Amino acid sequence: MKNNVITSVKNACAVGEAKFLNYSNHRRPKPLIRKNGELVEASLDKAIQKSAEILAGASYPILYGWSCTSCEAIRVGLELAEEIGGIIDNTSTICHGPSVLSIQDVGMASCTLGQLRHRADLIIYWGSNPWSAHPRHIDRYTAFSKGRFQPSAWRGYLSRLSATLTKKRLLRATSLILRRKISVPPEVDRSPSYALARKERKMIVVDVRRTRSAELADYFLRVEPNKDYELLQALRMLIRDEELDVDEVAGVPISVLEEIADVMVGCELGVLFFGVGLTMSQGKLRNVDAALSLVRDINQRTKFLIMPMRGHFNVTGADTVFTWQTGFPYAVDFSHGYPRYNPGETSVIDILCRGEADAGLIVASDPVAHFPREAVQNLVNNPLIVIDPHVSATSLTADVVIPSAFVGIETEGTAYRMDHVPLPLKKVVEPPEGCLPDTVILQRILHEVRKLKKREGEGN
Amino acid sequence: MITLRPKRPFKVSVEAKCITPNDFAGKTINEIATLPIWEGNKKRTLGELFKIEGESNVAPEDCSIQIFGDSSRVRGVGAKMSVGKIIVEGNAGMHLGEGMKGGAILVKGNVDSWVGSMMEAGTIEIMGDAGDYVGAPYRGSTLGMKGGAIVVHGNAGYEVGCFMRGGLIKIHGNVGQFVGIHMRNGTILVEGDSEGRAGAGMLEGKIIVCGYVPSILPTFTIDSIRPNVKVNEERVTGPFYRFVGDLADGGEGKLFVSQGKNPHLNFYEKYL
Amino acid sequence: MPKLKVSLLTGRTISQGQGKEYGKLSEEYWRSVAVCEIDPEDMKRLEIKEGNNVKLTTGFGSAVVRAVKSSRGPHPGVVFIPYGPWANLLVNPRTHGTGMPSLKGLSAEIEPAPGEQVLSLEDLMKKHYKRE
Amino acid sequence: MDICVKDGKIVEKVNERKAKIIDASGMIVMPGGVDIHSHIAGSEVNTGRLLRPEDHFKDVEAKTPLTRSGVGYSVPSTFTTGYRYARMGYTTVMNPAMPPLEARHTHEELDDTPMVDKATYPLLGDWWFVLEYLRDGMIEECARHVAWMISATKGYAIKLVNPGGLEAWGFGRNVRNIDDPVPHFNITPREIIRGLCKVNQILRMPHTIHVHTNNLGKPGNYLTALETMKCVENLSKGDRPIIHVTHCQFSAFKGSDWRTLESGAEEIAKYVNGHRHVTLDMGQVVFTDTTTMTADGPFQYILHQLSGNKWVNHDVETETSSGIVPFRYRRKSYVHATQWSIGLELALLIEDPWKIFLTTDHPNAAPFTTYPKIISWLMSQNARKKAIGKISRRARRKSLLPSIEREYSFYEIAIATRAGTAKCLGLKQKGHLGVGADADIAVYNLNPMQVDPSKKYMAVRRAFGKSAYTIKDGEIVARDGEILKSVDGRTFWVDVKLSSASDEVASDMKRRFREYWTVEYENYPVPEGYLTRSAPISVKAEI
């Protein structure tokens, strides 16, 4: 910290560091309003007034984003959505939404991350690449962490690695990410039983491509794209000691699967982390359905837990707040005055692709950069309001842009870790002149909307 | 006969669960016009959005409703209806005949997702295509379609007959993935092709696919080859491979797949 | 000109994650997401080198991006584009009643595009969404 | 007789001409209801909400100019929870299971739960610090750490759930009885219960230890329940209770398996009638579709195995666990019907109404909205006859209810639903209408002089289902079941004052924090400013 500027960052991952060091790039601290095709600077009051008018007048507005702001702001957002009878959705919808749908069918055996640090001796990453998406995950919570009942698996790696002097590139990358010098196992596919023979903590990666995480693993299982469902169901059958009519599934020989199944049943406490590799590929919620069922089934033999690898920093918080206020975690439709929920019907992508929405409010998110073209087209064809600290693809296309303060850097709040542990976010620097927290901006819009409605009410 | 015509095209979805013989019966046209419906977040009356004509004060059982024009954004038509008839001349929106307890619905065009969800009795016939989740339950519930019949002359989407517990679903065209997923009982007949994963997680019941299937889930085991299958009174001629599953869930469901259309499955025959 | 049928994956990469934090308009972001990771073997087949422009086409649209060698291999027939506006031009918006479009494992066609430019974010906005 | 209210308190008299006068003649006037055990907030409850869209979509509440929208049924959203309690004349609710690590979450939800005062009990029976200090016999050290935790989490009472069993569940195991040592920790549940009971006395907490017994929900567990009560017997001083055994119905099973299940209510009642150191609450089953959720991971897994319903498990590092399973209690099921009978038997066989309180362990045995039904069963043999006529024949034959004539009076109902619970919780300003009490008042439209609750039990149900008036802190917040004003309740928490400063505790915590948890020491405690209406209750500990 040097006079209200962050100069260096401690114990954050590469993404985190980039966030802290560069949060102030590409910002326009002034609100903007589109006047005949051009975004021009305007006063905050004007921007808020305009936003309120757009929202109060709409008959099917969508309020989207929420995963990169604080729970406090989300609480206001829900009140606003209720007031204007809109649809409120968060980024789960294109991340772990399908996971939620299958949890609602099957349930989920899970825990907090510390539980795994202390106890897990078998760690499986399925369709998830923690190295790239969650750079500190392996190091802090799983294979390389040290727990009460489980030593770190570092030694195992180091000893095996002293033999192999390969993978210089990877080495550099690793130490870059994990901030310490480590080595990596060779990239030969041994038979699982050999690779997983050790008593120590073991790590398996299942994915369609050999990711960086895969190279850290004791065993990498490559599954053909879009065949995860078959593979998971086959495993479920094997742990029930049933036999299969086929001799390979998703490009994996049954003999290998049988060995994996034995390792899973044989561990003391296993965990399966699954990522969007499952939720986005063919089968979507049913892939997760199978994964959740697999873990549930193994609990008849040993303790096994499962956890989605959630992305955006407070997406778990968004689901959490949505759920306690409305009963539903995302895709909530207030158009009838009470919460309704049916992803596929009330989820933002579907509403946009059907061209039903007639206005949009985006908070701390960039759908234009993350939604399919068809959805984006319908989003930008309607009046669009963006509340975001930085300039984004979406803010470029908006009709009203209200720059806000960075939560966790320029303003405080509460956020949830992916295992539902709530954490306080602190304020470390002052926001730029005139940049208010999302919470305040939303409260002021809500206030204006209520004034407008009141006038309307008196009008007729 | 009571006829409805949309007065204008709808941009946002219209929720009209009141369009049922049960709600129209014994009412004058003017009373019917005052029934409340939703257009997006705006409360409206049926009369505001539809031109309504026809006779008044009909008895429920003689009450038939005809909807002209495009109602592909009108949701919940025929919800919970127990008697009478609804004819949709164009397309119909989501949740058509949701929780239906009797009577008949005929759609000349296509219909969106969740047609006949949670239905208990009655018949729904779609001349065009149907969306996803035909006869499915609400999220989180395992109480899918309990009885009655849904006939789709065109194609249907994903998860047809999800958590189905009884009744018949007949698709003359093709179906997407996961037909009969988590099926508990009942019968699904697909005369076209399936995109695969048929019968995933099924416990009981019968699925017949007369067309091509890319593959059978590894958690099904072949049981026999049958010359034909009985569906209610009707006899569907094969021959069919008969699989049992989904063994991953300890299921006893029966999956019939055409032998002729699926030569790539003949390796299963070595187990017979 | 050579064409290939491939299976298209999209996903997160760490540089995309960092690039994002540098700002969506930054060179870093563009560098990290307007790219397509291709197996060296496939590159040979396409007669292209790292840095050349390639055009991908799916049933839902097409996009021009820079080709880079995939270090995660070998997996011929599978190409990878990080999440971002360029990938979005290609993915399948249908959600099959789940709310989630199909972002992984689409069948796509890839070909060299020597003549064509990789759009900047602003130009992409103009071209596809008529906004600036 | 008049009750005067001023500035949210009950006072001697007020200026009649200025005062707003409510004519409650011919009605029942009671203090606002005080629920001693109801799962209304926190990670576990919220996961229950997430798990059950099918529970919500048939029971919705639209927004009004005064109230927020929401959903029911068995796991209502936060606003709806507050409104529904207020409509029944309840004004104070205790949230009984808070994983300390997730305290912030619980308080965030309690802040969004309007209309009622509330408090929450941190789960401490399987916390590593407790297990280790008690194993080493360091009671005072343990007390200091518990004190730190109570104020760090803004908690109200020491909650034990299947003590020792939850730590064992960390590796998928459980403890068999109160003398079965906890794996890796070599301490028994008995030592944990006695230890925390002593800690509770050392800290002079307003409430007793709040215990969910080992073996809960297993046939034959009434013996465990008796053992649990007995094991602290010799710690009692005077006639103040020192242990509260919660939702006792689930711990009163006799028999060796589900087929031979029988009621252990008689034995438990016999013991409780003969001892002063223990209080109970019912955990009354009502036949309906509900959602079970406890911190008792192993028990929830068994429930999943029995029902085949979807199952959620959530273990919390170094502290506790939890599980959720949707569940339907069916009249015709022998086991469910027997459970229904056990709850009522306990309430009717325990003579002193100050010893057993009305709960459903919401939502485990039924949602709290079923209280009026239970009240009618307690007050009317006819109501019980009617209900028992519909249950499983075998359960009916074995049930003790037909032989029980006792019928609760309105006074006894008032004790079981507010006076008794308030006293047991040590909430001095609640549960009575004496001068100085909080002006939380419930008026029920029923004339006790004219209505015989034994015959007119349906009238009783209606009256207790919709209060004529609910008054919170001197304001009319609900009338005839309609919310007139939305108010924020207080959050009570115990601020334990130790005579000697406990810096060494803080430093000891700091030292071991990274080892035990995956969060930073600074991020763990919930600051007082975090609560919308913080209401600390200071106590002076013996140390």
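Student: How many residues does the contact take from chain C and from chain A?
Tutor: In this predicted model, the contact takes 41 residues from chain C and 54 residues from chain A.

Student: Which elements of chain C give two or more residues to the side that touches chain A?
Tutor: They are β1 (4-11), α1 (14-22), β5 (78-82), α4 (85-88), β6 (104-112) and α5 (121-129) of chain C. The most comes from α1(C), with five residues.

Student: And how do the residues of that side of chain C divide into nonpolar, polar and charged?
Tutor: On the side of chain C that touches chain A, 17 are nonpolar, 18 are polar and six are charged.

Student: Which chains share the most contacts?
Tutor: Chains A and C do, out of the five pairs of chains in contact. By contrast, no contact joins chain C and chain D; their closest C-alpha atoms lie 15 Å apart.

Student: Turning to chain D, which residues of helix α17 are buried?
Tutor: In α17 (residues 457-465) of chain D, the buried residues are Y457(D), V460(D), R461(D), A463(D) and F464(D).

Student: What do the buried residues of α17(D) pack against?
Tutor: They pack against α13 (371-379), α14 (381-388) and β19 (441-444) of chain D.

Student: At what angle do α10 and α12 of chain D pack?
Tutor: The angle is about 25°, and the axes of α10 (residues 265-274) and α12 (residues 334-349) of chain D are 9 Å apart. The two helices are therefore roughly parallel to each other.

Student: Which residues make the contact?
Tutor: From α10(D) come A265(D), E266(D), I268(D) and A269(D), and from α12(D) come I342(D), E345(D), L346(D) and L349(D). By class, this contact has six nonpolar, no polar and two charged residues.

Conventions. Residues are numbered from 1 along each chain as its sequence is written. Chains are lettered from A and ligands numbered from 1 in the order in which they are written. This is a predicted model: local features need pLDDT of at least 70, side-chain atom pairs count only at pLDDT 80 or more; totals for chains, interfaces and linings use all residues. Two residues are in contact if their C-beta atoms, placed from the backbone, lie within 7 Å. Helices (H or I, at least four residues) and strands (E, at least two) are DSSP runs, numbered from the N terminus. Ala, Val, Leu, Ile, Met, Phe, Trp, Tyr, Cys and Pro count as nonpolar, Asp, Glu, Lys and Arg as charged, and the others, Gly among them, as polar. A residue is buried if 20 or more other C-beta atoms lie within 10 Å of its own, exposed if 12 or fewer, and partly exposed in between; C-beta atoms are placed from the backbone. Axes are lines fitted to C-alpha atoms, for helices over the stretch in contact, and angles run from 0 to 180 degrees between N-to-C directions. Angles under 35 degrees count as roughly parallel, over 145 as roughly antiparallel, 65 to 115 as roughly perpendicular and the rest as oblique.
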